[in-house]
Amino acid sequence: MPTPRRAATEAEIAAMASGIRLRIIRLTYSEALTNKELAERLDRDPATTLHHVRKLVDTGFLEALPPRRGTRGAKEIPYRSTGLSWHLDSRDRGIDQAIFEAYLAEIADVGFDEVQQTRMVVQVPDEQIAEFETRLMELVDDFISRPVDPDAKRTAIYLSKYPSR
């Protein structure tokens, strides 16, 4: 059975309607990262990244972990995803566009040689669409609910369903 989801608040929708914020959530899912580390991975200015990190902390998508000392002795705050985004029903055009934007940026980072793609058309009667979607989400929920294995290879999935004309 898929994880029950609740409707996203307006503040949560606004926070997720950014490709860069969605990438920050994904990057911090299994590994806590500081703002500096996030800025480096995203090839962004640390001040800009901090703006996004603060927005995600304020809306509950990231949590600040206890401060640690960096390589030069400076105090650093690592952030980790709370997993909140996975428990929200957030069907919103702005979020949909941000998801696509994040996907394209991540593909650009890894390069097409590392991407396995497939495209298919399935014929699903209208009365079975809900079952089709539920079964897909059950599979994804099964894997997302498993304990994080720090040694496991991270695999990202982009899934899109649209009418085939």
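Buried, in what follows, means under 20% relative accessible area, exposed means over 50%, and partly exposed is in between, with a 1.4 Å probe and protein chains only. Helices (H or I, at least four residues) and strands (E, at least two) are DSSP runs, numbered from the N terminus.

This is a predicted model, where local features need pLDDT of at least 70, side-chain atom pairs count only at pLDDT 80 or more, and totals for chains, interfaces and linings use all residues. Residues are numbered from 1 along each chain as its sequence is written, and side-chain values use heavy atoms, with hydrogens and water left out.

I'll start with helix α2, residues 19-27. Eight of its nine residues are buried, so the helix is mostly covered under that definition. The buried ones are G19, I20, R21, L22, R23, I24, I25 and L27.

That brings me to the core. A nonpolar core here is a set of buried Ala, Val, Leu, Ile, Met, Phe, Trp, Tyr and Cys residues joined through side-chain atoms within 4.5 Å. The largest one has 21 residues, and I24 and F61 touch the most other members. Two or more residues come from each of α1 (10-16), α2, α3 (35-42), α4 (46-58) and α5 (93-110). Helix α2 gives the largest share, five residues.

What is F61 in contact with, leaving aside its neighbours within four places in sequence? Taking contact as heavy atoms within 4.5 Å, the list is E12, A15, M16, I25, L56, R80, S81, T82, L84, S85 and L88.

Now the sheet. Two strands pair if DSSP finds at least two bridges between them. The open sheet has three strands in the order β2-β6-β3, with antiparallel pairing. Strands β2 and β3 are the edges, each pairing on one side only. Two bridges link β2 (residues 33-34) to β6 (residues 78-81), and T34 stands opposite P78. Strand β3 (residues 62-64) is joined to β6 by three bridges, with E63 partnered by R80.

Last, the surface. I99, F100, L104 and Y158 form a nonpolar patch with about 340 Å² of accessible area together. Such a patch takes nonpolar side chains (Val, Leu, Ile, Met, Phe, Trp, Tyr) joined within 5 Å, from residues with over 30% relative accessible area and no salt bridge; a salt bridge is a side-chain nitrogen of Lys or Arg within 4 Å of a carboxyl oxygen of Asp or Glu. Areas come from the Shrake-Rupley method with a 1.4 Å probe. I99 lies in helix α5 and is partly exposed, at 37%.

Notes: Patch = residues over 30% accessible without salt bridge, like charges linked within 9 Å, V, L, I, M, F, W, Y side chains within 5 Å.
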